[in-house]
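Please study the sequence and the model before reading each solution.

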Amino acid sequence: SVGMLSTMLCYANQYTKPFNEITGVITELQNAIACADRIFAFLDEKTEENTKVLDEDEISKSKTEGRVVLSDVAFAYSEDKPLIDDLDLEVEPGQSVAIVGPTGCGKTTLINLLMRFYDVDEGSIKIDGNDIRNVTRNSLREDYGMVLQETWLKAGTIRENLLFGRPDTGAEGGVIHDVRQQ
């Protein structure tokens, strides 16, 4: 009868509900374990050496003009798969350059090389005639401004988001003085 069918379906639903909930808990547990693995892998990474070849005071006082020269640059994440081979590029001060291309063509790798997240395997990258391997990573990265394709903003005003990366920048810091708090 219809009543018996309804009763049977209700009981079946009550019987399977705990199993569905257990499955949901197990899924969440597996996600938590995967996240924990990534966090622990990140924490276990070696810290980046900031090898000081030049005197830090000398580096921070010198004003960068912005001439960037890549000469015979070669790079690979693994030896069996070369990624960049024999790259030459010259960018003059004040010149605008856009690095564009399809996914996987090496845009991020090029930026990582310029900022010394990786060092080139062959060739050199020079800024104003100085090989970037002779400059501390911190002082080198202070001279770069980068706009990523995906932006991450925290809750707050535009001004607060701009100051988030460089809190020491005040009203005299250029663009920030034009941004009004909302």
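**Exercise 1.** Which residue's backbone oxygen lies 2.8 Å from a polar atom of the side chain of Arg141?

*Solution.* The model is predicted: local features need pLDDT of at least 70, side-chain atom pairs count only at pLDDT 80 or more, and totals for chains, interfaces and linings use all residues. Residues are numbered from 1 along each chain as its sequence is written, and side-chain values use heavy atoms, with hydrogens and water left out. The backbone oxygen belongs to Met115. Arg141 itself is located in helix H4, residues 137-142 (helices are DSSP runs of at least four residues, H or I, and strands, E, of at least two, numbered from the N terminus).

**Exercise 2.** Determine whether Arg141 is buried or exposed.

*Solution.* Buried means under 20% relative accessible area, exposed over 50%, and partly exposed in between, with a 1.4 Å probe and protein chains only. Arg141 has 19% relative accessibility and therefore counts as buried.

**Exercise 3.** State the order of the strands in the open sheet.

*Solution.* The 4 strands follow the order E2-E1-E3-E4, with antiparallel pairing (two strands pair if DSSP finds at least two bridges between them). Strands E2 (84-91) and E4 (130-131) stand at the edges with a single partner strand each, so one side of each has no neighbour in the sheet. Between E1 (residues 68-75) and E3 (residues 122-127), the antiparallel pairing extends over 5 bridges. Within E3, Ile125 is the bridge partner of Leu70.

Conventions:
Polar contact = N/O pair within 3.5 Å; in protein donor to acceptor, adjacent residues only side chain to side chain.
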